[in-house]
Amino acid sequence: MIEVTDLNGVAFYLNCNLIESIRTIPETKVTLSTGNYYLVSETPKDILYKIIEYNRKIFSNLIITKEP
């Protein structure tokens with residue numbers, strides 16, 4: 001989950017695994033695979049950086065073992 005801010009300045013968490021598209025209209029519109037969408041104050045680039053950071057935290061503890 002990443003933290004984003006709605007247009008009223010209220011922060012909330014969004015499941016970044018459900019993001020289907022991010023567009024500027026001029027606000028940033030984040031559309032989920034569920035069909036829901038959110039207008040947020042972050043730029044698309046800011047959201048992408050948050051997703052990358054989230055995935056780094058999740059996958060940093062991943063141990064990959066090689067099958068014989």
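Student: Which residues does Ser33 touch, not counting residues up to four places away in sequence?

Tutor: A contact means heavy atoms within 4.5 Å. In this predicted model, Ser33 touches Leu18 and Glu20 once residues up to four places away in sequence are left out.

Student: Where is Ser33 found?

Tutor: Ser33 is in a loop, the one between β4 (28–32) and β5 (37–40).

Student: Is Ser33 buried, exposed or partly exposed?

Tutor: Buried means under 20% relative accessible area and exposed means over 50%, with partly exposed in between. Ser33 has a relative accessible area of 47%, so Ser33 counts as partly exposed.

Student: What separates the C-alpha atoms of Ser33 and Ile58?

Tutor: The two residues are 25 residues apart along the chain, and their C-alpha atoms are separated by 21 Å.

Student: What pattern does the chain follow along the sequence?

Tutor: The secondary structure comes to one helix and five strands, in the pattern β-β-β-β-β-α. The radius of gyration is 14 Å, well over the 11 Å that the globule rule gives for 68 residues, so the chain is more spread out than a compact globule. Its C-alpha atoms fill a box of roughly 55 × 20 × 15 Å along the principal axes.

Student: How far apart are the mean positions of the positive and negative charges?

Tutor: For the 7 positive and 8 negative charges of the chain, the mean positions are 7 Å apart.

Technical notes:
Residues are numbered from 1 along each chain as its sequence is written. This is a predicted model: local features need pLDDT of at least 70, side-chain atom pairs count only at pLDDT 80 or more; totals for chains, interfaces and linings use all residues. Side-chain values use heavy atoms; hydrogens and water are left out. Helices (H or I, at least four residues) and strands (E, at least two) are DSSP runs, numbered from the N terminus. The radius of gyration is taken over C-alpha atoms; the globule rule is 2.2 Å times the number of residues to the power 0.38. Lys and Arg count as positive and Asp and Glu as negative; His and the chain ends are not counted. The place of a charge is taken as NZ of Lys, CZ of Arg, CG of Asp or CD of Glu. Buried means under 20% relative accessible area, exposed over 50%, partly exposed in between (1.4 Å probe, protein chains only).
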